[in-house]
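This report covers strand pairing and model confidence for the chain shown below.

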Amino acid sequence: MKNFYYFSICILSILLFSFSEWKDKGDIIAENAEVEMAGTGFKFTEGPAVNSKGQIYFTDQPNDRIHIWDSKKGISLYLEGTRRANGMYFDEQQQLLACADEFNQLIYFDSNKEIHVIYEDFEGKHLNGPNDLWINNKGGIYFTDPYYQRNWWDEDHTEIQNTRGVYYLNPSGEISRVINDFKKPNGIIGTPNGKTLYVADIEDDKIWKYTIENDGRLTNKTFFAPHGSDGMTIDNKGNVYLTSGKIWVYNPKGELIKEIETPEKPSNVCFGGKKRDILFITARTSVYTLKMKVNGVD
């Protein structure tokens with residue numbers, strides 16, 4: 001009887017510990033917080049990027065505009081006429097970089113909102129249409145280059161790159177194609193220490209994880225999650241947020257810890273606010289926010 005009692009206590013303890021551990025893993029949303037609409041009336045929102053103040057810049061690509069969301073002031077127009085900016089990211093100098101597929105370029109906006117081209121072709125041929133980017137801690141830029149037919153292109157525009165690839169532009173301005181075996185690369189995000197890169201193959205419904213070498217090369221390709229994400233972000237716990245029908249959150253081990261439903265299908269995510277504790281969600285015609293217990297990272 002004593003042995004049975006002892007065995008029962010052990011089993012109960014294990015179950016309680018497992019439940020507590022499972023609960024803690026998914027406990028990333030602030031208490032009583034719900035997804036809230038921050039703005040609507042757009043055609044297709046994308047590309048959220050956070051600046052040093054916690055403000056988030058996002059695109060409405062069909063309308064060729066970039067807007068700013070501020071947790072106190074709401075939403076305002078930053079610029080109209082953005083060369084069809086899509087994915088965006090702020091560099092260390094707080095310059096806003098963007099994948100702009102009107103002319104298939106990687107660009108940045110200076111303090112006067114003037115546009116400057118960073119890169120626009122590969123091996124003498126125009127890019128397919130840069131989609132999303134991430135800047136590592138050395139100032140190097142990784143960007144995805146899938147192909148989506150755009151109605152603002154000329155009729156004779158063609159997909160002339162032989163690969164829908166992922167590229168790395170190092171701080172010296174040298175370019176290399178670091179992924180060439182995807183069906184259609186899209187979302188991309190890396191860890192703050194610059195050692196790990198996550199890239200979505202949206203057409204193959206897979207997220208892949210890579211080791212980033214000192215020279216920017218990618219090695220140790222490893223399957224991470226079964227979703228073809230449009231956009232991605234990462235929090236201070238190393239959790240990776242994916243957008244595919246809903247928001248899926250995976251811990252660094254590749255374990256699903258949370259599913260977040262949104263009123264519209266999300267396209268991209270980013271952490272904003274002064275404390276970087278607000279998950280900002282672009283979702284088709286609207287943008288949404290969700291208060292979190294975790295924080296975003298640079």
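In this predicted model, strand S7 (residues 105–109) pairs with strand S8 (residues 115–119) in the antiparallel sense, over four bridges. Phe 109 has Ile 115 in S8 as its bridge partner. The two strands, S7 and S8, form a hairpin, and five residues lie between them. Within that turn, Lys 113 has a positive phi of about 70 degrees.

A further set of strands, S19-S20-S21-S22 in that order, makes up an open sheet of four strands with antiparallel pairing. Strand S19 (232–234) and strand S22 (256–260) are its edge strands, each pairing on one side only. On average, neighbouring strands of this sheet are turned by 20 degrees against each other, direction ignored. Inside the order, strand S20 (residues 240–244) and strand S21 (residues 246–250) pair in the antiparallel sense over five bridges. Thr 243 stands opposite Ile 247 in S21.

| Strand pair | Residues | Sense | Bridges |
|---|---|---|---|
| S7 and S8 | residues 105–109 and residues 115–119 | antiparallel | four bridges |
| S20 and S21 | residues 240–244 and residues 246–250 | antiparallel | five bridges |

Strands of a sheet pair through backbone hydrogen bonds, in either a parallel or an antiparallel arrangement.

As for confidence, the chain has an average pLDDT of 92, and 91% of the residues score at least 70. Over residues 4–25, pLDDT stays under 50. For residues 4–25 the model has two contacts beyond four places in sequence.

Definitions and conventions: Residues are numbered from 1 along each chain as its sequence is written. This is a predicted model: local features need pLDDT of at least 70, side-chain atom pairs count only at pLDDT 80 or more; totals for chains, interfaces and linings use all residues. Side-chain values use heavy atoms; hydrogens and water are left out. Two strands pair if DSSP finds at least two bridges between them. Axes are lines fitted to C-alpha atoms, for helices over the stretch in contact, and angles run from 0 to 180 degrees between N-to-C directions. pLDDT is the predictor's confidence in each residue, from 0 to 100. Contact means heavy atoms within 4.5 Å.
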